[in-house]
Amino acid sequence: MLDLLYKNITRHISLSKEEFQRFSEPFQLKKFQKKEVALREGDHCLFEGFVVNGCFKVYFLTEDGFEQTLYFAVESWWITDLDSLINNVPSTLNIEALENSEVLMISKKDKELLYETMPQVEKLFRIMNQQSSVALQRRILSLMNKTADKRYLEFLEKYPTLEQRITQQQVASYLGISHEFLSKIRKKTTLGNR
């Protein structure tokens, strides 16, 4: 479990085994059942979580009550609502387990303490936040500039095995289209690959 976290963070910074031991101490393992909510809109987000196994959807509800999925988090991805966590405001996001899942969670307080005692941790989260900003920018541009067909192909590339783990309704929510339109796109894509 900690091996996965170690591999994830050492892609960004170097830590000795002793430093990693210190880094990982404040993380707490939390288990979520399928459909269990890790964060509900309106609550304050007090954690960042590293998905050890399982799958989550991070979504919001539109004004007319439809789910719009911002992203999916599978193994080695992080879950949080950065706006709520950093600015201490109520969350606009919901984070829900789509499978039985395990997450290593760190509180904002413990993370701040790591910043003070391990300067390279601040670098780690800065790099991760930059990568997250780039990913969200690309997602926004994709939603604004690309056809649903192209967004579906991007989804398959970004999450190559996820389509077998989630419902077509959840895929449609991520793409910002109806389930029926997704069915047409999938049919067209399947025919095109023959």
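**View 1. Cys-45 and Cys-55 sit too far apart for a bond.** The sulfur of Cys-45 lies 18 Å from the closest cysteine sulfur, that of Cys-55, which is too far for a bond. A disulfide is taken here as a pair of cysteine sulfur atoms within 2.5 Å, and by this rule the count comes to zero. Cys-45 counts as buried because its relative accessibility is 2%, and Cys-55 counts as buried at 0%; buried means under 20% relative accessible area, with a 1.4 Å probe and protein chains only. The model is predicted, so local features need pLDDT of at least 70 and side-chain atom pairs count only at pLDDT 80 or more, whereas totals for chains, interfaces and linings use all residues. Residues are numbered from 1 along each chain as its sequence is written, and side-chain values use heavy atoms, with hydrogens and water left out.

**View 2. The hairpin of β4 and β5 has five residues between its strands.** Strand β4 (residues 56–61) and β5 pair in the antiparallel sense over six bridges, where strands are DSSP runs (E, at least two residues) numbered from the N terminus and pairing requires at least two DSSP bridges between two strands. Phe-56 stands opposite Ala-73 in β5, and Gly-65 in this hairpin takes a positive phi near 85°. Strand β5 (residues 67–73) is mostly covered, with five of its seven residues buried.

**View 3. Four strands form an open sheet in the order β1-β8-β3-β6, with antiparallel pairing.** The edge strands, β1 (28–32) and β6 (78–79), each pair on one side only. Strands β3 (residues 47–53) and β8 (residues 101–107) are joined in the antiparallel sense over six bridges, and Asn-53 has Glu-102 in β8 as its bridge partner.

How values were computed:
Buried < 20%, exposed > 50% of the residue type's maximum accessible area, 1.4 Å probe, protein only.
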